[in-house]
Structures are given as C-alpha cells and as structure tokens.
Amino acid sequence: MDLMNYIGGKFERATGGEWLEVKEPATGDVFARVPLSGTPDVDSAVRAARNAQAAWGQLAHSKRAEWLDLIADGLESRYDDIASLESRDTGKPISLARAVDAQRSVANFRFFAEAIREHEGEVFEMTDATNFVSYRPVGVGALITPWNLPLYLLSWKVAPAIGMGNTVVCKPSEMTPMTANLLMEVIDDVGLPDGVVNLVHGDGSGAGSSLVSHDDIDLVSFTGGTSTGSKVAEVAAPQFKKLSLELGGKNSSIVLDDCDMDSTIKGVVRSGFMNQGQVCLCGSRVLVQEGVYDEFLRRFIEEVESMRIGDPSDEKTDLGALISADHLRKVERYIELAKEEGGTILTGGYPHLPEKFSNGNWIAPTVISGLGVDSRCSTEEIFGPVVSIHRFSDDSEAIEIANNTRYGLAGSVWTSDVGRGRMIADSIHTGMVWINTWLHRDLRVPFGGVGDSGVGREGGKWSLGFFSEATNVCVKHD
Ligand code: TXE
C-alpha cells in the first residue's frame, strides 16, 4: 500500500518522490509505504491551510459542528477498518484497537461537535461599560502525533482545532500512518472544504521539524516523547507559536493496605501493561503498602503471567508486539540496566510464538523487584511492558516515592477509604490521578501533566481555549 499526502483536498506523492517503509510490528514485514515529505510538501500544505482559514474561521459554530458530526459518522461507518488497521499498524490486540482506539476516535469528533455548539463567549458588566469576550481562531495549526494511539490522539487534536475555526496540517508518526490516512479518506468523502485539514507524511527531522519551524504556522499541538518535545519547544517558542506539549510519564500505582484486592490486581495489571505498556499514562511503578505486599505480589505475578501474548488479530490476545525493533531494543536495554541496578526479574522473558511472528518485536510482560526508588529504571520512562514494584510503610512515604521523578502526568490510588485516597491524590504532583480505577475518561476534564510530562492542558474546555484566542471588546456606555 502506497499512502499519499493529503494537501488542499488532493492525495499526492511527496515532491521528492522518496518513500519510507512501514513495518507490521507483529511480523516485521513491510506492508506499506509513506511519502518521505520535505519542506516543499510542508510549504504547500501550510499554504493550502492558510488559503482555507479565513472562510472556515467565519463559519458559524453550528456549521462547523455539523462538519465534525459528518466526520464522526464517516469514521463510525468504518469502525472495523479503524480497529483492524490500527491493530496491524501498531501491533496492539484487535480487542484493544476496537474498544479504545476506534471508539475514542468517533467519540472525540462527537464530543467536540457538541462542545463547539454549546460554546459561547462571556459578557462582563461594569457600571459604565460592557465587556464582550469572544474566542477567535488562532489560524493555522500543526498537529504532530505519536505511534502509540495514532487515531485516538490525532482525532483528539483535529476535532477541537477545526471546530474552533483553525485549519491544520497533520504530521502523524511515520511508524503508524494507516488510520491517519483513513481519516483523510473520510474527510475527503464528506467533502470538507479543501485545505481545512491537510496531512503530510514523513519523519521527525524532515517534515516534522520543517512544519514546526514554518513561519506561517501559528500553533503547535505535539504529543510524543519528552526529548522530542523539548526540540519542538526550542523551535516554536522563539517564534511565539501557541504550544501544547503532551509528553512522557512515569506514573505510580499506589496500593494501600485497605484496598479491595481482587479489583486492585486487575486494575494495576491493566494500568501497567495496556498496549504493551506503551501509553504515557501507564502505571509503570507499583508501590505496595508493606502489610499487603506479599499477598499482592503473589497474585499480581499470577495475573501478569495469565495474559495471552501473540497474534494481534486474535480476539483472545491480551498483549501484542512492541512498535519497532529499535523500541524493543530500548526496552531490553532497560531490563539489562535493572539487573545492574540490583533488580530481580520476577517474571518476563520472551513468548513462544508461531514461525510467522519470528521477526516481530516481542517481549513478555516483565516485573522487577528490588530496585531502589531512585534507580534509573524506576524513574525514567521505559514505555514498554515493564513494571517495577516497591514496598512502602506509610502514606507519606508513598507520596514521596511517587513524586521522586521528573515526570508529572498521572497516577492511581487503590484503597477502600476514599478520603485517604483523596489526601494522597492531592499530594501527588501530576495532572491527573485515578482512585480505584485507571484510564476512566470523561472528555470534559483537563488532560496533561507537569515537569517532563509537558506543558498545557487539552480536553474539554481546555482544548477550546488552547485552539482559540480569547479576545475582549469593551464598550463604554454613553
Ligand atoms: O516519539 P517522538 P517516538 C515516548 C516514549 C517513546 C519516546 C519516543 O518514551 O520511546 O517518546 O517515541 C515527530 N520536530 N512517547 O519516537 O520521537 C515524529 O515523527 C517535529 C510518549 O514515537 O516524540 C512523530 O510524529 N516533530 C508519547 C512525533 O513527533 C518531530 C507517545 C512523536 O515522535 C520531531 C509516544 C521534531 N524534531 C512516545 N522529531 C506519549 N506521551 O504518549 C520527531 N517528531
């Protein structure tokens, strides 16, 4: 499959005529190619977006909301395509791609259609004047997305960005282009005005950096790694582009001695290993209160080892392949480092799979005990199916451990005493905390983190605010 860029309503190759191969994580086979785009392609995409922005920005909110609903309808009609393409492209199990990626991609467009319809400015009265606050489009936005939740995150940005009157140039990860391409097909099918949404395939140092640095880009919404996020910020900040950075995480799952053990085991395993641990919100550090440590650990290992690893297209599969051979090597290096740091591998290794998967990126879910809470493996983002487990004595020690990383994205607390859980949640320096659940998402709430987890919030009204310029007109009473 040769995918194309989508610029000004047309599918086209890169002007340089070069291609990047796309591999299937489960088998290592090349199954598609994307254009290796460069500055000329980015230029024409930004120009198409700029040409479309004035008219699009003047449409009524209700009209733009209608377009979002049309796109949602189009995605819904291709629900199973999204699930199977996403599963094949990322290596994640089909059940996850259906329940999370496909479901959320439709929900994102529907949610923001409603949010845009209801959104209006504020009026602030003074004794002798009235202030009218309105939310104008920012202009042309660059939306740069990673490989772990490709359409889930791309739709999360496109919907509010165009809903608030901006036009956009999308740059999906070169490793997972398939569902971004499907979104362009849906957008083309519904007849969205040319240039409102454009897409340029390519790598980070080529198309990615040329898009971020383009002087006619007003806004950058980036989700990806922390080190890449700082490169993006270095380029965008001096040009005063509006910037949102959703980066990495090193999140703690805190298990208190009064937790309901059955639901906690299931929740903490899901949090640690969903999508092979390749979600920025994953609970990769499990902190267990000493009174329940032994019982928890025994049952946790049992549950981890019961997960089925293998063919992502099999409905019964719980864990698929990692995104790439390079990423697998990065995860393996961390497991080697863990041993050097004094850790004990309690479970892990490699799954035994049929021959067709022998060139895929496979590793078994790995649990490591005995690491210091300040060790590199316990404080750096590994972004694979690797969890370190630590015991703690009291709540203040759990809080101290949870706060001892440079990240600050999310966390979870498992307890039967919600007041105790709230106290801990309020003491953890992150953007989000779940109590007795994980990745339970209301699209109205803010999403984002602090420290090395990034800058800004998206989600609900925070997305509407980020993708607009709040403007005030003050009218003096005569
Ligand atoms: O992300 P990158 P990668 C973490 C995880 C992972 C690490 C790197 O630790 O190992 O990030 O993953 C584009 N200017 N997360 O390599 O490199 C790139 O083409 C502009 C956490 O996938 O950050 C892709 O489209 N763009 C994260 C996007 O940025 C650039 C999810 C992300 O690529 C660029 C994924 C540049 N200089 C990885 N360099 C999360 N928070 O969910 C790259 N890109």
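Biologist: What makes Ile-424 a residue that touches others, once those up to four places away in sequence are not counted?

Modeller: Contact means heavy atoms within 4.5 Å. Ile-424 touches Ile-254, Leu-256, Asp-395, Ile-399 and Val-413 on that count. Keep in mind that this is a predicted model: local features need pLDDT of at least 70, side-chain atom pairs need 80 or more, and totals for chains, interfaces and linings use all residues. Numbering runs from 1 along each chain as its sequence is written, and side-chain values use heavy atoms, with hydrogens and water left out.

Biologist: How far apart are Ile-424 and Val-413 in sequence and in space?

Modeller: They are eleven residues apart in sequence and 7.6 Å apart from C-alpha to C-alpha.

Biologist: And why is Ile-424 called buried?

Modeller: Buried means under 20% relative accessible area, exposed means over 50%, and partly exposed is in between (1.4 Å probe, protein chains only). Ile-424 has 0%, so buried it is. Its place is helix H14, residues 418-427; helices are DSSP runs of H or I with at least four residues, strands are E runs of at least two, and both are numbered from the N terminus.

Biologist: What about Thr-264, in helix H9?

Modeller: Thr-264 sits in residues 261-273, which form H9. Its relative accessible area is 0%, so Thr-264 is buried. Leaving out residues up to four places away in sequence, Thr-264 touches Val-255, Cys-259, Phe-296 and Trp-414.

Biologist: How do you know that Asn-251 is buried, and where is it?

Modeller: Asn-251 is in the loop between strand S11 (242-246) and strand S12 (252-255). Its relative accessibility is 2%, so the label is buried.

Biologist: Which backbone oxygen atoms does the Asn-251 side chain reach?

Modeller: The side chain of Asn-251 reaches the backbone oxygen of Cys-280 at 2.7 Å and that of Leu-281 at 3.2 Å. A polar contact is a pair of N or O atoms within 3.5 Å; within protein, one must be able to donate a hydrogen and the other to accept it, and residues adjacent in sequence count only if both atoms are side-chain atoms.

Biologist: Now the ligand. How many residues surround it?

Modeller: There are 27, and the closest are Trp-147, Lys-171, Gly-225, Leu-247 and Glu-381. A residue is near a molecule or strand if one of its heavy atoms lies within 4 Å of it.

Biologist: Which element gives the largest share of the shell around the ligand?

Modeller: H7 does, with four residues.
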